[in-house]
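Have the picture ready and follow along.

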Amino acid sequence: MCRGLESLPITCLERAKELKALFRSLLHKSDHSITGQSKKSDKMRLSIDEPLKWKESFEKLLSSQNGLCIFRAFLVSEFSEENIGFYLACEDYKATKPTKLATKAKKIYEEFIASDAPREVNLDHVTRAITEKNLEQPSQSCFDMAQAKIYTLMEKDCYPRFLKSSTYLELTWKTKMG
């Protein structure tokens, strides 16, 4: 299943640590924006209303770099990081050059879909079978059905739990307090 924090890219782990520190400072400050500066870059900027946008839709959460990193860290804490890992691997796969599709498809299958895969996602038998059939002639859409199932699972199960998590609630509470 999940390999824990070591399975996250270093940049995401660093960003999650920075965000955690920023969130703590947000809870102690009353200004309307916070700026975090990493030693490596000055890219991190989190407006105080950004977490409120994440509640509008799951898509808005995933489209925010900060939101995605915090959501991924949340999934690690819930031992279900393989779901977002698979979703993001599929997004990356769709942008793959046709000559590399077969190799990348095999890697994704072995990591997320195969029985006893190290980060196996929870797919029903029919979806798994259709995906395996699609892999006989890999195309950019061969994982679409499986990706849609995992997206729906995260949207209906993980996302509502994230919105009820202490980190998210503390952020939105501070935002409402102004």
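How many aromatic pairs does the count come to? The count comes to 11 aromatic pairs, where rings of Phe, Tyr and Trp (its six-membered ring) pair if their centres lie within 6.5 Å, with planes under 30 degrees apart called stacked, over 60 edge-to-face and the rest tilted. Keep in mind that this is a predicted model, in which local features need pLDDT of at least 70, side-chain atom pairs count only at pLDDT 80 or more, and totals for chains, interfaces and linings use all residues. Residues are numbered from 1 along each chain as its sequence is written, and side-chain values use heavy atoms, leaving out hydrogens and water.

**Rings around F58**
- F58 and F71 make an edge-to-face pair, 5.5 Å centre to centre with 75° between the planes.
- F58 sits in helix α3 (residues 58–63) and F71 in helix α4 (residues 65–77), so their pair ties together parts 13 residues apart in sequence; helices here are DSSP runs (H or I, at least four residues), numbered from the N terminus.
- F58 is buried at 1% relative accessible area; buried means under 20%, exposed over 50% and partly exposed in between (1.4 Å probe, protein chains only).
- F71 is buried too, at 0%.
- F58 also pairs with Y159: the centres are 5.2 Å apart and the planes at 55°, so this pair is tilted.

**Positive phi**
- Most residues other than glycine have a negative phi.
- F79 has a positive phi near 60°, and is exposed at 63% relative accessibility.
- D116 has a positive phi near 65°, and is exposed at 73%.

Methods:
Helices (H or I, at least four residues) and strands (E, at least two) are DSSP runs, numbered from the N terminus.
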